[in-house]
Amino acid sequence: MSRQDELGMLRIVLKEQYERHSIQLALLARQARQAVGDEGDLAAASALTAASRRALGDIARALHYLEQGRYGICERCHCDIPIEQLAIRPAAQFCTTCGTVRRMV
């Protein structure tokens, strides 16, 4: 299977994840409205909402880069980021080597 085929499959997965997180955000908003007065539920809903928003942003960025043909390319060394790494972390901007070096600096 070619890299383009793999990226095409990953695009489908990303779109499904985007839809799932969008639905989750709507459900969390409804839950937050119903949990007025229950600080524990409100705090949990707030944390989940923040995580879903971050995930949506990461996925939207990945889809945007896919459309531009820049997705899956390390921003430091310009090599391909392994598909396995992208499948685990769709918002990966660096290959494993450059990501490790970046964390050490």
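## Arg61 and its partner

Arg61 is partly exposed, with a relative accessible area of 21% (buried means under 20%, exposed over 50%, and partly exposed in between, using a 1.4 Å probe and protein chains only). Arg61 forms a salt bridge with Glu75, and their closest N and O atoms sit 3.2 Å apart. A salt bridge here is a side-chain nitrogen of Lys or Arg within 4 Å of a carboxyl oxygen of Asp or Glu. This pair links distant parts of the chain, with Arg61 in helix H2 and Glu75 in the loop between H2 and H3, 14 residues apart. Helices are DSSP runs (H or I, at least four residues), numbered from the N terminus.

This is a predicted model, where local features need pLDDT of at least 70 and side-chain atom pairs count only at pLDDT 80 or more, while totals for chains, interfaces and linings use all residues. Residues are numbered from 1 along each chain as its sequence is written, and side-chain values use heavy atoms, leaving out hydrogens and water.

## The other salt bridges

The structure holds 3 salt bridges. In another one, Asp80 pairs with Arg3, with 3.4 Å between the closest N and O atoms. Asp80 is in the loop between helix H2 (39-68) and helix H3 (83-88), and Arg3 is in helix H1 (residues 3-34), so the pair ties together parts 77 residues apart in sequence.

## What about the cysteines?

How many disulfides does the whole structure have? The search finds 0, a disulfide being a pair of cysteine sulfur atoms within 2.5 Å. For Cys74, the nearest cysteine sulfur is that of Cys98, 3.7 Å away. Cys74 counts as buried, at 1% relative accessibility.

Technical notes:
Helix = DSSP H or I, 4+ residues; strand = E, 2+ residues; numbered from the N terminus.
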